[in-house]
Amino acid sequence: MKAAIVYEPLGNENLKIEDIEDPEARSGQVLIEVKKAGLNPVDYNTINGKIVYKLNPLPHIPGTEVYGTVAEDSENFKKGERVVVYNRVFDGTCEQCISGNEHLCVNGGIWGVVSNGGYAQKVVVPEKNVFRLPHSVSDEMAASIGVAALTSFRALRLGGCSPGKSVLVFGASGNTGMFSVQIASMMGCEVYAVSRKDWIEEFGATEVFEADKIPESMKFDVVINPLGTLFWKESLKHLSVRGSLVTFGVFTGREGTLDIAEMYTGERRIIGSTGGTRLDLRDLLEFMKTHDLRVKIAREFKITDMQEALKFYNQNHEGRILISMRGS
């Protein structure tokens, strides 16, 4: 089978497409034929050695967000079933795992970072990491669940989104942004988007603002900012009394400042969020049975064109980048 493998020193130029032996599933594991995978910031940073987790193993197969079909019967799955991989490595025994927060496992990390991942035509994963897809979900949407949609779903939950609340989403046309807008709207919230792309209105935004043109008087119950330093001050400025700012990305930097008095006098909250739990993923898949989530695709590449995909990642593109596991 073909797989994308990155060698030391890490970097785009050292990602190679090679033929390797097919993996074999043992008891308690599922062999999956990967159909499509997403290219996310975490994947790009893994390839380029800019990740907080220690990369393992080296050389390394990246890829944290995949969709595929079961390649052979296992204990709990049948050949041909459409599945998505829950992308966390966890031991199930630490305090975080026992409390239902396996995504924060002290001995684990992100699948595709602390372990080989999904940029390969076949992968083997534990059954506990495999979830069946609703029949109505498209292949493109399926390849956008494990990172983009799940991250947004949990962030909105932690922020306390509920019917009637107002939500402001920064980076609304990005990987997670398009799902934050959709899901919040489907939850019954009044959603406003921060983007230069007007198409995000079609995903449920009441209005779209450029970052420097948000009306000064507008305050929001929940602010979603996955961008990091950029627009950090704007995020806090538009946070209502008792509102929640949820952050889960450092694309534009890791540092920000805040007025401490503004935070405590208004009982405002800043919440960090990362990925999601298996319960979050299960609930998201249930949510998708009755809510038609959509995804905007910028471009899809074959695995043999990974170098071209990485170059395209750095361009000004609209929508998601997907990797098809079809060969040349």
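Is Phe231 buried, partly exposed or exposed, and what is its relative accessible area? In this predicted model, Phe231 is partly exposed, with a relative accessible area of 23%. Buried would require a value under 20%, and exposed a value over 50%, so 23% falls in between.

**Positive phi values**

Phe231 has another feature to look at. Its phi is near 70°. That is a positive value in a residue other than glycine. To find Phe231, go to the loop between strand E13 (220–225) and helix H6 (232–237).

Glu267 also belongs under this heading. Its phi is positive, near 45°, and Glu267 is not a glycine. Look for Glu267 in the loop that runs between helix H7 (260–265) and strand E15 (269–272). How exposed is Glu267? Glu267 is partly exposed, with a relative accessible area of 46%.

| Residue | Phi | Relative accessible area |
|---|---|---|
| Phe231 | near 70° | 23% |
| Glu267 | near 45° | 46% |

**Cis peptide bonds**

Now turn to the backbone at two prolines. Which residues does the cis bond at Pro9 join? The partners are Glu8 and Pro9, and omega is about -5°. Pro9 sits in the loop between strand E1 (2–6) and strand E2 (15–19).

Pro59 comes next. The peptide bond leading from Leu58 to Pro59 is cis. Here omega is near -10°. Where is Pro59? Pro59 lies in a loop, with helix H1 (41–47) on one side and strand E4 (66–70) on the other.

Terms used: Residues numbered from 1 in each chain as written. Predicted model: local features only at pLDDT ≥ 70, side-chain atom pairs only at ≥ 80, totals over all residues. Heavy atoms only, no water. Helix = DSSP H or I, 4+ residues; strand = E, 2+ residues; numbered from the N terminus. Buried < 20%, exposed > 50% of the residue type's maximum accessible area, 1.4 Å probe, protein only.
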